Amino acid sequence: MWNLAQLTDLIHRWLYETFPPAWALAFEMIIVGIAVIGLFAGLGLVLVLMERKVSAFMQIRLGPNRVGPKGLMQSLADTLKLLVKEGMTPDGVDRFLFNLAPFIAMIAAMLLMAPIAFAKDFQIWDLNIGVLYVTAISSLNVIAILMAGWSSNNKYSLLGAMRSGAQIVSYELSAGLSILTVVVLTGSLQISDIVTAQSNGWWIFKGHIPVLIAFVIYMIAVTAETNRAPFDMAEAESELTGGFHTEYSGMKFALFFLAEYINVFIVCAIGATLFLGGWMPLHIGEWSAFNGIMDWIPSSLWFFGKTFFLIFLMMWFRWTFPRLRIDQLLNLEWRYLLPIGMVNILLVTVIAILKWHF
Amino acid sequence: MFLTRYFSEIAEAVGSLLKGMRMTGYYFTHHKEIITQQYPDNRATLVLPERFRGEVVMTHTDNNEHRCTGCTACELACPNGTIKVVTKFEVNAEGKKKKAVDKFVYHLELCTMCNLCIEACPTDAIRMAQTFEHSVYDRSQLTRILNKPDSKLQEGVE
């Protein structure tokens with residue numbers, strides 16, 4: 001039921017039977033590219049609307065409710081507006097870098113899609129260092145932000161970009177350490193191995209309290225890495241008038257905006273894969289009857305359900321907590337998250353060696 | 001000693017963050033408490049806060065009498081020259097000349113609704129109304145004369 005692997009197999013075989021291998025590979029790449037761009041557009045529309053609705057209900061408001069039924073078409077209307085706006089390049093900016101930066105942000109987000117397992121056997125590229133790849137590529141995003149901030153020739157943009165740099169460099173460490181806990185437990189960097197290892201229970205349940213702590217640290221660190229409130233020092237509307245994207249408008253601004261939401265989706269997808277089992281249904285040990293029932297729910301639904309739960313969690317953070325000052329932000333990382341993360345990984349290593357996990 | 005303080009700080013912080021999240025989570029799950037007014041739709045049933053200030057009006061009784069003595073205290077109190085009281089002299093029954101209000105000119109386009117004129121008024125002649133739909137096509141329509149034509153000073157107001 002709902003087996004996406006059969007569909008991909010069918011397309012794969014048909015292409016290789018019809019065309020020479022080089023052409024078939026090229027066609028497959030084009031199909032994947034179109035699918036990824038389609039997913040981006042869909043995610044952008046859905047997440048922007050979701051953010052606005054969630055924020056509205058958390059602040060006792062109603063949110064967008066005029067365009068379309070219950071305001072569902074609001075983000076489509078916004079996209080149309082952004083598309084027809086003039087893509088202005090101000091005088092005095094470094095034109096080449098200024099126009100390049102939004103695309104770098106998008107490309108960094110796009111590259112991260114490669115190792116994510118969206119459903120059972122449904123993955124663009126199951127490379128054997130999947131987790132390392134994700135941690136490496138996710139830090140590319142800071143280059144786009146620094147590029148935008150520097151080339152804008154504007155002190156607010158530059159300050160925002162520099163803050164973002166300090167923030168991402170710091171929080172990469174905690175995120176990396178918490179990701180490492182799951183890698184230590186699984187013994188593999190491959191995403192498909194990590195998901196298969198959770199077939200008798202998700203790591204967050206199997207790994208006792210240390211994995212739970214790692215999960216909390218991961219959520220805090222990725223919230224900081226994606227520059228979202230309460231860690232949105234890079235934008236900080238009230239201090240920096242929008243930070244690194246102060247000078248951007250129209251579609252170039254929209255690309256930054258979209259890249260932010262795509263990054264949110266990706267870090268939540270990685271979090272769901274590592275701690276909540278990715279596409280793996282909720283399995284409890286050897287209870288085959290219970291596991292069988294859970295298997296009836298399609299794996300893609302499990303994946304997107306978990307991812308959107310984590311996204312909701314991040315939105316909940318954003319609309320509850322006040323923004324931190326830059327020194328408080330770095331204090332939190334270097335004095336609390338990093339030492340706790342280091343002790344935590346030691347504990348997890350002991351658990352993994354002594355096989356205390358379930 | 002240091003470690004206990006370190007961990008108690010963390011516990012306290014996590015506790016307070018969870019408290020905040022419980023509050024917003026409560027709002028998120030209870031959609032009935034929405035405080036936004038759906039303004040153009042609910043024009044008929046719109047509920048404004050008691051102290052909302054929309055414009056300055058002069059209260060008139062049913063007999064077309066107001067309480068304004070023309071003392072110009074409101075004009076002096078106004079920080080941006082919104083009010084101009086034009087006075088005249090009336091001869092009363094005893095043959096004495098007495099100061100009275102001729103035109104109470106109110107420039108709504110200049111008014112910041114600061115309420116200082118209402119506080120300055122010794123006879124409570126003017127008050128703040130809650131009407132707020134003031135859009136007009138020409139600025140001159142916003143200059144209003146607040147005392148109605150042929151209105152008189154109420155008996156007993158000095």
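Start by selecting helices H7 and H15 of chain A: H7(A) and H15(A) run roughly parallel to each other, a label given to angles under 35 degrees, while those over 145 count as roughly antiparallel, 65 to 115 as roughly perpendicular and the rest as oblique. This is a predicted model, in which local features need pLDDT of at least 70 and side-chain atom pairs count only at pLDDT 80 or more, whereas totals for chains, interfaces and linings use all residues. Residues are numbered from 1 along each chain as its sequence is written, and chains are lettered from A and ligands numbered from 1 in the order in which they are written.

**Stop 1: the H7–H15 pair**

To find H15(A), select residues 326–354; H7(A) packs against this helix at about 15°, with the axes 9 Å apart. (Axes are lines fitted to C-alpha atoms, for helices over the stretch in contact, and angles run from 0 to 180 degrees between N-to-C directions.) By class, their contact has 17 nonpolar, eight polar and two charged residues. Here Ala, Val, Leu, Ile, Met, Phe, Trp, Tyr, Cys and Pro count as nonpolar, Asp, Glu, Lys and Arg as charged, and the others, Gly among them, as polar.

**Stop 2: along H7**

**Stop 3: H2 across H12**

Next, select residues 250–275 of chain A, which form H12(A); H2(A) packs on this helix at about 90°, with axes 9 Å apart. H2(A) is therefore roughly perpendicular to H12(A). On the H2(A) side, colour A:Phe40, A:Leu43, A:Gly44, A:Leu47 and A:Val48, which meet A:Leu258, A:Tyr261, A:Ile262, A:Val264 and A:Phe265 of H12(A). Contact means C-beta atoms, placed from the backbone, within 7 Å.

**Stop 4: chain B**

Finally, bring in chain B, where 13 residues are in contact with 11 residues of chain A. Helix H2 (residues 21–58) gives the largest share of the chain A side, three residues. (Helices, H or I of at least four residues, and strands, E of at least two, are DSSP runs numbered from the N terminus.)

Key: Contact = placed C-beta atoms within 7 Å.
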